[in-house]
Amino acid sequence: MDKQQLSKDILKLVGGEENIDQVTHCMTRLRFNLNDNQKADKATLKNTPGVMGVMENGGQFQVIIGNDVPVVYNALVGNMSKSPNADSASSSASTGEKKKRNPISALFDFISGVFTPILPAITGAGMIKGIVAILVALGWLSDTSSTYIILSAIGDGAFYFLPIILAISAARKLGSNMYIAAALAAGIMHPTITALLADGHNSSFMGITVIAATYSSTVIPIILAIWIASYVEKAVDRVTHASLKLLIVPTVTLLIMVPLTLMTVGPLGTVLGNGLSGGISWLFDNMSIFASILIGGTMSLLIITGMHYALLPIIVGSMTTLGYDFIIPLMFAANLAQGGAAFGVGLRSRNSKTKSLAYSTGLTAIMGITEPAMYGINMKFKKPFIAALIGGAVAGGFMGIVNVKAYVLTGLVGLPSIAAFISPAISTLLYALAGGLIAIVAAAVLTYILGFQEENASEPVAPAAEPAKSAATTSAATVTEEAKAQDEQVFSPITGEVKPLSEVPDPAFSEEIMGKGFAIQPSEGRVVSPINGTVFSLSKSGHAIGLVSDTGAEMLIHIGIDTVKLKGQFFSPKVQAGAKVAVGDVLMEFDREEIEKAGYTTITPVIITNMHQYESIESAGRTTIKEKDLLFTAKA
């Protein structure tokens with residue numbers, strides 16, 4: 001591919017040189033700060049050969065290129081008349097001021113950053129609550145036994161002490177001290193404080209009224225408190241001498257924030273939280289069908305725009321205060337409708353590749369991972385996406401009529417999460433299954449009826465001249481490629497917890513735009529080589545390493561998300577580009593705790609980027625892993 005021409009096309013499609021405030025690149029993408037994102041032709045960029053995807057994140061306009069991004073970046077800069085990274089005041093001719101981040105985007109990013117890391121804890125606890133409910137319903141466990149009490153405590157613990165878990169996550173996102181935040185939450189939840197406020201009578205602190213409120217299992221009060229505490233902590237830190245910071249900063253922060261939370265922030269947050277939960281409950285009690293149709297039909301649109309993150313506090317708040325939630329069933333309907341629409345594409349398509357992709361992504365969608373079906377099939381052909389929205393609305397309306405509720409908080413919302421709908425009344429589970437079936441069938445049938453425009457499904461025809469030679473050449477080429485193809489075993493580069501790519505908070509990885517593989521949540525700060533081969537690239541910031549194996553597999557190890565912004569801080573490379581490596585050779589050391597303290601997740605995608613040479617990825621089946629354990633096999 002002509003990288004010079006690609007760079008010119010990108011420069012034109014982002015709105016021209018005059019629209020670029022700054023541009024940098026990481027291991028896989030060009031990162032633009034544009035003066036006006038609306039001037040960029042996003043749709044055309046996505047379809048430009050050489051561009052793997054386009055996304056907007058944190059105010060940046062990102063163009064995903066892949067391993068060739070340094071070449072494209074250099075060509076792009078070479079085509080510009082002035083440095084794109086000069087003083088922003090001079091390059092932003094319209095205002096001369098630094099562009100502010102969209103507050104709505106910032107809010108969704110904050111909510112996502114706080115709630116996404118804690119989902120495993122509350123999902124695990126929620127599933128235990130579901131298992132206990134099943135055992136009791138089947139009569140296999142008595143609700144008066146000590147076993148029941150212990151299991152219930154395990155399931156309820158994460159929800160009862162949810163403010164402490166949220167405090168840690170919010171502080172991490174805000175860049176403040178997580179342990180001061182945890183101490184603040186522990187202070188307002190101390191048994192003495194709980195007993196003091198439990199009788200419903202207002203107490204006082206230094207003559208100021210402390211309003212009675214309950215903080216266990218709440219969401220909004222602690223988030224508000226930690227947000228304010230982050231400013232208090234930083235202000236105290238600025239005016240404190242370095243030798244006294246350890247003593248003064250936490251002491252003053254806690255002395256200010258715990259009473260302030262009890263007197264003002266906590267009661268206000270409690271009112272807001274109860275108002276949200278009560279409002280949602282009222283809406284579904286009085287306008288159930290309308291609300292269910294609306295949310296079920298628009299949930300996929302909310303996910304595309306990122307607005308679904310705004311629902312997380314409502315869902316968690318309803319689950320902890322009411323014991324159930326109305327929104328998860330509608331997510332269930334919307335996700336299964338996306339799978340149904342993909343199945344409809346598979347039924348109607350005459351293209352074998354489209355059929356295969358539609359069926360595989362449809363199955364993935366009904367298991368709870370909708371991005372491959374939604375972006376790779378339904379939105380690509382447009383009408384199937386409309387059919388999916390209608391299917392979600394129809395199924396949502398049914399669930400509203402029969403009053404389906406979720407009693408367990410789950411991470412992925414699909415068939416594996418069906419236990420979330422188990423309650424003492426078995427009808428809830430049956431209605432949820434019926435609603436899911438309605439979503440799949442309605443979306444599939446509508447897709448088949450509406451149809452869609454796809455590329456010519458006929459196979460390429462060889463030129464009329466010398467047909468025998470063309471066939472022979474093709475056959476020989478196929479045999480040669482098959483002879484070259486080999487399975488590639490990929491060993492773990494990091495010790496930690498294995499995660500699916502869908503849990504990576506970056507669509508370039510979660511939607512498998514860059515390639516396929518798995519992610520690892522590190523428990524140690526070291527990266528070793530997962531293959532025998534060569535280091536072909538190492539990012540300047542140290543956060544990403546590109547390798548090519550001796551058998552030709554091209555790999556990317558990307559330490560954390562958005563860690564390019566650290567500009568090499570906390571990363572210590574142990575190899576250089578061009579170095580030959582074997583499985584287990586140390587490639588990188590990084591300070592995991594400092595990176596996380598700076599507000600970045602360290603989840604690390606380990607992917608194969610030239611997946612066109614492989615048929616599939618086969619997991620080794622591990623959930624926790626050590627360096628040099630088998631992670632997955634790329635099947636040739």
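A: A residue counts as buried when its relative accessible area is under 20%, as exposed when it is over 50%, and as partly exposed in between, with a 1.4 Å probe and protein chains only as cover. Helices (H or I, at least four residues) and strands (E, at least two) are DSSP runs that are numbered from the N terminus. This is a predicted model, in which local features need pLDDT of at least 70 and side-chain atom pairs count only at pLDDT 80 or more, while totals for chains, interfaces and linings use all residues. Residues are numbered from 1 along each chain as its sequence is written, and side-chain values use heavy atoms, with hydrogens and water left out.

Q: How many of the 6 residues of strand β2 are buried?
A: In strand β2 (residues 29–34), 5 of the 6 residues are buried, so the strand is largely enclosed by the rest of the structure.

Q: Which strands does β2 pair with?
A: Strands of a sheet pair through backbone hydrogen bonds, either parallel or antiparallel. Two strands are said to pair if DSSP finds at least two bridges between them. Here β2 runs antiparallel to strand β1 (residues 20–25), to which 5 bridges join it, and I20 stands opposite L34 in β2. Strand β4 (residues 60–64) also runs antiparallel to β2, with 4 bridges between them, and L30 stands opposite V63 in β4.

Q: What joins the side chains of D562 and R31?
A: A polar contact is a pair of N or O atoms within 3.5 Å; within protein, one must be able to donate a hydrogen and the other to accept it, and residues adjacent in sequence count only if both atoms are side-chain atoms. The side chains of D562 and R31 are joined by such a contact, of 3.0 Å. D562 is found in the loop between β13 (554–558) and β14 (571–573), and it is buried, with a relative accessible area of 14%.

Q: Is L430 buried or exposed?
A: L430, which is found in helix α19 (residues 427–450), is exposed, with a relative accessible area of 51%.

Q: What is the order of the strands in the open sheet of 3 strands?
A: The order is β7-β20-β18, with antiparallel pairing. At the edges stand β7 (488–491) and β18 (616–619), each with a single partner strand, so one side of each is left without a neighbour in the sheet. Between β7 and strand β20 (residues 630–635) there are 4 bridges, and F491 stands opposite L630 in β20.
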